[in-house]
Amino acid sequence: MGSNPLDTKKDYQNYVDQKSPNSPILKNCFNAFWVGGLICSIGQIIMDICASKGLDTQISGTIVSIILIGISAFLTGLNIFNKIGKFAGAGSLVPITGFANSIVSPAMEYKSEGYVMGVGGKMFTVAGPVLVFGISASIIVGFIYLIFNTQTVPLV
Amino acid sequence: MKKLGKQTIQFDNPPTILETASIVGPKEADGPLAKYFDQCLDDELWGEKTWEKAESKIIKETVNSVIAKSGISSDTIDYCFAGDLLNQCISSSFGLREINIPFFGIFGACSTFVEGLSLAAVFTESVAENVLCAASSHFCSAEKQFRFPLELGNQRPPTAQWTVTGAGSAIVTKSGTGPFITTMTTGKIVDMGIKDANSMGAAMAPAALDTLITHFKDTGRTPNYYDAIITGDLGYIGKDILIDLAKLQGYNIKSNYNDCGVLIFDKSTQDTHSGGSGCACCGTVFSGYFFNQLRKKEIKKLLLIATGALTNSTTSQQGESIPGIAHAISIEL
Amino acid sequence: MMITLLECKKFYNDFFINFQSERVVINMGIFESIDLMQLLRCFVVGGLICVIGQVLIDKTKLTPARILVIFVTTGAILGGLGIYKYLVDFAGAGATVPLTGFGNNLAKGAIEGVKEYGIVGIFTGGVKNAAGGIAAAVFFGYIASLISKPKMKK
């Protein structure tokens, strides 16, 4: 390092990046891979069981979501999910379990501010954006489909 | 009391730190400094319903404890300076609402403890006989306010620091037999553009450097003058950066410098990543460990530099960088 | 690897046919519907989608909320373009359980909604498809807050 790292903000940022230890990315990815894969596999097993009962894919998928969400809400309530999350990182965040955890954890945290404005009001502090962006994106997709599709669709 | 240079005050009749007290949470009690604290809690909530109430109770009991230990009556305490990290400093004002001492709520983020000691020293040099100061922080209330709900399954990056649960308190008195507060150097706000809220040590290190070098220039002292130079909560990364940057400016502090955030936890067993942080980090480590060392004359000249990151969750969401501040006091026997 | 798994499947079938009493076979029979190759594809694809998330976390310092938004939006776009369904056909739950699947589900619902109800379907289709998951998360979150309190991280 020739120049003083405090010369400019950019120099300092580069210097700090150099000084800061990196996350153990290989270990993290490995854990994320197998935990994420395992969670999806649990979903697959539930899905296969539903299919064998003669349920269609859409309903089976919904059942998988509800069961996985229920399990992660339960584990969050038992103060276990954050330990899984610390170990697995994206492995438990990216599956639907992470969505459930991000709704349940603020609900528990803000209980001290009451059930209406605490639990009810703060429940979506982390997961709210998922719904906002997910639903908005789906509406845009539907709108584009309405304009560009070649088949006739009812307009009302 | 006279001014040295632009930022330093030298006290003609140096005030004495009469007594200190500290209370810490269970995680700090598992750390290497546990035996120096007055009280270690078994439970972060301490029987209260919320984290905020628990933090208020911690600062209240720490203040009660320092008054009891000092042996002076609370009627003889003229002023109280206290602060914490929660919005509007509610831990301090709620915890100390029954104390009946004229109260100044102060905010300097994690530098609050030394900010309080500095103001207390100035007040005792002028009109006050005894001044109380206190600072607190709580891991759970800080996570809730600044980061995420406790039960969220996220990973902390290696640069993250762990907010110390606890409170430190001290009584500064006009006439005593020491340890004396001999000089104070008030820091400027320094912002080197760090935006990552998980990299507080790096955000605060330039402010610590600025105050450190200003202190040496104003007083004409060198690093060797001190038995120990201690920063508040730069953590491992910030400590490393400060040593490095100070060396570039021609000050070698490697041999006698350490950081409270490095000392309070055992990095290898407690998974605290870059070390401790929070108002209570400097507050409890000084009140517990360093005051003890000064009393035992193990350390005779101490430069204490508390560091603060002047940020909140709104500014960080708005993409602002993190301004740092650092205040120093020299404490000598 | 494939051979081993096929052998596993064979062993597994033999096991139920040869060694289990009839009553147990009926109870355990639902597990027979599991396709082990499908399960392997699900494991690998689901795991790899999570690895993408992990790389984003470690390399970009994005917060969990932003990671989730990126995944759900990507899923909705890929779903809208009709690409994501190939991944679902290939990997099953490996593609539907990650949040990209949630996004795909929303987009798919919007398209189905348009087909069935026209303009109104744009607004009703997506949420209708994801209703089970959203309602479950809200309800279980509320229940968890009733009976449980957050604890200090260790």
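In this predicted model, B:Pro179 sits in the loop that runs between strand S9 (166-173) and strand S10 (180-185) of chain B. The domain assignment of chain B gives domain 1 (2-173) and domain 2 (180-332). Elsewhere, chain C has 77 residues in contact with 72 residues of chain A.

**Loops of chain B**

- B:Trp46 has phi near 50°, a positive value in a residue other than glycine.
- The loop that holds B:Trp46 lies between strand S4 (39-40) and helix H2 (51-70) of chain B.
- B:Trp46 counts as partly exposed because it has 18 C-beta neighbours inside 10 Å, while a residue needs 20 or more to be buried.
- B:Lys297 is not a glycine, yet its phi is positive, at about 65°.
- The loop that holds B:Lys297 lies between helix H10 (279-295) and strand S14 (301-309) of chain B.
- B:Lys297 counts as exposed because it has 10 C-beta neighbours inside 10 Å, and the limit for exposed is 12 or fewer.

**Domains of chain B**

- The C-alpha centres of domain 1 of chain B and domain 2 of chain B are 17 Å apart.
- Domain 1 of chain B brings 59 residues to the contact, and domain 2 of chain B brings 58 residues.
- On the domain 1 side, helix H4 (residues 112-126) of chain B gives the largest share, seven residues.
- That side of domain 1 of chain B divides into 30 nonpolar, 23 polar and six charged residues.

- On the chain C side, the elements giving two or more residues are helix H3 (36-60), H4, helix H6 (93-96), H7 and H8 of chain C.
- H8(C) gives the largest share of that side, 20 residues.
- The chain C side divides into 46 nonpolar, 25 polar and six charged residues.

**Helix H8 of chain A**

- Helix H8 (residues 128-148) of chain A has 21 residues and reaches 30 Å from its first C-alpha to its last, close to the 30 Å expected at 1.5 Å a residue.
- The buried residues of H8(A) include A:Val130, A:Leu131, A:Gly134, A:Ile135, A:Ser138 and A:Tyr145.
- Within chain A, the cover over the buried residues of H8(A) includes helix H6 (96-109).
- From chain C, that cover includes helix H4 (64-80), helix H7 (99-117) and helix H8 (119-147).

Notes
Residues numbered from 1 in each chain as written. Chains lettered and ligands numbered in written order. Predicted model: local features only at pLDDT ≥ 70, side-chain atom pairs only at ≥ 80, totals over all residues. Helix = DSSP H or I, 4+ residues; strand = E, 2+ residues; numbered from the N terminus. Expected span 1.5 Å × (residues − 1). Contact = placed C-beta atoms within 7 Å. Domains from an automatic or database assignment. Nonpolar A, V, L, I, M, F, W, Y, C, P; charged D, E, K, R; others polar.
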